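Colleague: I am new to this one. Can you walk me through it, question by question?

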Amino acid sequence: MASNARLDHRNPLVIDTHELGRRPGAMQRLTREVDAPRDLGIEGVIGVPEGTPMELDLRLESVMEGVLVTGTARASAKGECVRCLEPVGLELEADFQEMFSYPDADDRGRVSAEPGDDAEDDEDRLYIEDGLIDLEPVLRDAVVLALPMQPVCQDDCAGLCSECGARLTDDPDHHHDAVDIRWAALQGLAGSLEDGEKDEMSGAEAGVDEKQEK
């Protein structure tokens, strides 16, 4: 997955590998704190808010075909419970490992006269650009895999009442009297008949009163 844009060494997620050189077996350990980039997580569900401090522990190993990066990212993620919609927070720890290839080396680490012979492999491969590697795409994949697809505020969250939206965990005895819709129509009809009978009785009584007055 090569990028046409040149990498900016000032970006905290861009790592300089010049110190390693191209000496197989050379290793470098790095620890750095960076601000989380935007849209880091599962959109609309849970993620690491932009600007949140993230701690990165990295190990860079020089191999024949490039640099193998192994790391762990730690940060606080925020989201919403899928059952009751209450805020959810969790401490995220995402592990990742990715190979960054030299653009002029084949799978065996040998210099290739025609890099990119296999276009399909090139699309999935990450490359070292002028001695720099971009961790952002690797970090994004790792964070998404480490986050819960359906976060909950607690494992036994009962969710919301389907009728009034009340949070059932706060009121375990919450309920509504169920009315069978088949009887509801009859109850309405009975109410109409009772009202009609009352009106007839009122009319009859009024007629009797008029006769007595005469």
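Colleague: Let us begin with helix 2. Which strands are included in what covers the buried residues of helix 2?

Modeller: Keep in mind that this is a predicted model. Helix 2 spans residues 136-146, and its buried residues are V138, L139, A142 and V143. What covers them includes strand 3, strand 4, strand 5, strand 6, strand 7 and strand 8.

Colleague: Over what arc around the axis do the buried residues of helix 2 lie?

Modeller: V138, L139, A142 and V143 are the buried residues of helix 2. They sit on the same side of helix 2, because they cover an arc of only 125°.

Colleague: Which exposed residues does the face turned away from the buried side of helix 2 carry?

Modeller: The buried side holds V138, L139, A142 and V143. The face turned away from that side carries exposed residues, D141 and L145.

Colleague: Now strand 5. Which residues make up the covered face of strand 5?

Modeller: In a regular strand, side chains alternate between the two faces of the sheet. In strand 5, residues 53-63, the uncovered face has P53, E55, D57, R59, E61 and V63. The covered face has M54, L56, L58, L60 and S62.

Colleague: How many bridges join strand 2 to strand 5?

Modeller: Strand 2 covers residues 27-35 and runs antiparallel to strand 5. Within this pairing, M27 stands opposite E61. The number of bridges is nine.

Colleague: In strand 6, which residue does L60 stand opposite?

Modeller: Strand 5 and strand 6 pair in the antiparallel sense over nine bridges. A hairpin of two residues joins them. L60 stands opposite V69.

Colleague: Is T17 buried or exposed?

Modeller: T17 lies in the loop between strand 1 and strand 2. Leaving aside residues up to four places away in sequence, T17 touches L60, V67, I128, G131 and I133. Its relative accessibility is 6%, so T17 counts as buried.

Colleague: How many disulfides does a search of the whole structure find?

Modeller: The closest cysteine sulfur to that of C81 belongs to C84, at 3.7 Å, too far for a bond. C157 is in no disulfide either, with the nearest cysteine sulfur, that of C153, 3.7 Å away. The cut-off is 2.5 Å. The search finds zero.

Colleague: Which residues are linked with R74 in a network of salt bridges?

Modeller: E93 and R74 meet at 3.2 Å, N to O. E93 lies in strand 7 and R74 in strand 6, so this pair ties together parts 19 residues apart in sequence. The residues linked with R74 in the network are E55, D57 and E93.

Conventions. Residues numbered from 1 in each chain as written. Predicted model: local features only at pLDDT ≥ 70, side-chain atom pairs only at ≥ 80, totals over all residues. Heavy atoms only, no water. Buried < 20%, exposed > 50% of the residue type's maximum accessible area, 1.4 Å probe, protein only. Helix = DSSP H or I, 4+ residues; strand = E, 2+ residues; numbered from the N terminus. Pairing = 2+ DSSP bridges. Contact = heavy atoms within 4.5 Å. Arc of directions from axis to C-beta. Salt bridge = Lys/Arg side-chain N within 4 Å of Asp/Glu carboxyl O.
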